Amino acid sequence: MEPQLESATRLFGGTMMSPVPDPYPVYRRLRNERPVVVLDSQLGRSALVSRYDDVAAALKDGAAFSSRGNARGIGLVMGRTILEMEGREHLRQRRLVTPAFSPRALREGLDVVVETIVNQLVDQFVNDGKADLVPQFTFTFPLRVMAHVMALPIDDFEQFHHWALDLLSISDDPQRGFDAAQKIVDYLRPFLEERRATPGADLISTLVHAEVDGEKLTEEEVLSFLRLLLPAGAETTYRLTGSLIHALLTHPEALDQVRSDPAGLDRAIEETLRWEAAVQYVSRETTREVEIADTTIGAGELVMLAVGSANRDERRFDDPDRFVLGRENVADHLAFGFGEHFCLGSNLARLEARAAVRILLDRLPNLRLAPDADGRIVGLAFRSPDRLPVVFG
Ligand code: HEM
């Protein structure tokens, strides 16, 4: 069967980057009626795959579903990054960069750094009795953590936050994305030279000097990887943290469990990743003709694997639209991808979200949504609350 053509705007009522409030009823319909449709969006045509088993199978099958699909979207501004590499090249790069993200590397003092950054932000509004936690808190803290991890001057933080956001505007304003990519490289290059000569304990030094079997990363590889990390590390974790806070403040029973049992917070993080995947799509390109759910997709086609829809597939998760702590199979979620390209920063993202929420709950007594709060989780390609007005004390 040939897949049917659908316009993203008509199907979801918005563009890939617009604040679409609730795509999930559309996904439910697609999963049940048309598990593969061809979507026409600003990024061109792509086959949208919405069922859990189909998404997971494609992510596992790198030979038929090549990650070079990533080159057609974000890869245009990122340069050649690990995201679009395959086979031996990917393995080599992965082995070189993985040690920098191991749980051990993250334990060595990073939790204290994250807590310090979070506390400094909370200091700024703790006496006000109210705050909008998106602009005042979630939006900035992960990028501050990335700045620390890379040992970049914190005073430059505002500047590279703009660049990181501009990078992601590729589908709406490509020129802005290209300009930001160049500015980030120009900014980072002198730091590489400095750390090559005088290494420190930071991520840039680790990457510049990383060596496996006598091989090292080239300067261009390090620059592309660092450029990827700004949005990969900041855009995503802020969204996870916002959705987690939103979920807890709108589910009082879950909030009680998190307050009374430290393990409850880890369960809440996993359920948030399942319930509101911050990154809703993973792209692949078919290397040959493939068949998914009785639908034929030709060779060389772009495929959008809708992990946000897969995480809500009723075939995999009971009552999937409900936010429930303690689901047995919550760890099956695909929010960090699956297979060879599984997210390298998953441990860091969890560490950051955990510290952020624990400190907020400790320091802001009786934290609750503001009575007139209209904060909601929005977005199509990426999802998180656009506002989080809260009161406390
Ligand atoms: C909630 C937060 C995060 C989410 C939802 C997320 C999501 C993802 C997803 C879905 C992939 C797979 C992409 C694919 O298969 O094409 C991925 C890969 C990756 N992520 Fe994350 N990510 C998060 C946080 C982070 C952080 C904090 C970092 C680093 C500081 C990071 C670095 C990476 C890298 C380097 C890859 C590429 C891995 C590879 O291609 O082998 N991510 N992420």
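**Close-up views of a predicted model**

**View 1. Arg 274 lies over the face of Phe 317, 5.3 Å from the ring centre.** Keep in mind that this is a predicted model. Where does Phe 317 sit in terms of solvent, buried or exposed? At 0% relative accessibility, Phe 317 is buried. Elsewhere in the model, another arginine does something of this kind: the charged end of Arg 312 sits over the ring of Tyr 24, 3.5 Å from its centre.

**View 2. Tyr 52 and Phe 317 make an edge-to-face pair.** A search through the whole structure turns up twelve aromatic pairs. Here the ring centres of Tyr 52 and Phe 317 are 5.9 Å apart and the planes meet at 80°, which is over the 60 degrees needed, so the pair counts as edge-to-face. The two partners come from distant parts of the chain, 265 residues apart. Tyr 52 belongs to helix α3 (residues 52-60), while Phe 317 is in the loop between α16 (307-310) and α17 (346-363). Tyr 52 is buried, because its relative accessible area is 6% and the limit is under 20%.

**View 3. Phe 336 and Phe 342 also pair edge-to-face.** Their ring centres are 6.1 Å apart with the planes at 70°, so this is an edge-to-face pair. For another aromatic grouping, look for Phe 125, Phe 137, Phe 141 and Phe 392, which form one cluster.

**View 4. Cys 343 is the single protein donor to the iron atom of the ligand.** Cys 343 is found in the loop between α16 and α17.

**View 5. The ligand is surrounded by 26 residues.** The closest are His 90, Arg 94, Arg 284, His 341 and Cys 343. For His 90, an N or O atom of the side chain is 2.7 Å from a ligand oxygen. For Arg 284, a polar side-chain atom lies 2.8 Å from a ligand oxygen. For His 341, the distance from a side-chain N or O atom to a ligand oxygen is 2.6 Å. The elements giving two or more residues to this shell are α5 (87-97), α13 (219-250), β8 (281-286) and α17. Which element gives the most? That would be α13, with seven residues.

View 6. Arg 92 has its place in helix α5. Is Arg 92 buried or exposed? With a relative accessible area of 15%, Arg 92 is buried.

**View 7. Strand β3 pairs with both β2 and β11.** Strands β2 (residues 36-41) and β3 (residues 44-49) run antiparallel and are joined by six bridges. How does β3 run relative to β11, parallel or antiparallel? Strand β11 (residues 302-306) runs parallel to β3, and three bridges join them. Here you can look for Val 49, whose bridge partner in β11 is Leu 305.

Key: Residues numbered from 1 in each chain as written. Heavy atoms only, no water. Phe/Tyr/Trp six-rings, centres within 6.5 Å; stacked < 30°, edge-to-face > 60°. Helix = DSSP H or I, 4+ residues; strand = E, 2+ residues; numbered from the N terminus. Buried < 20%, exposed > 50% of the residue type's maximum accessible area, 1.4 Å probe, protein only. Lys NZ or Arg CZ within 6 Å of the ring centre and 35° of its normal. Donors = N, O, S within 2.8 Å, 3.2 Å for Na, K, Ca; no water. Pairing = 2+ DSSP bridges. Near = heavy atom within 4 Å. Polar contact = N/O pair within 3.5 Å; in protein donor to acceptor, adjacent residues only side chain to side chain.
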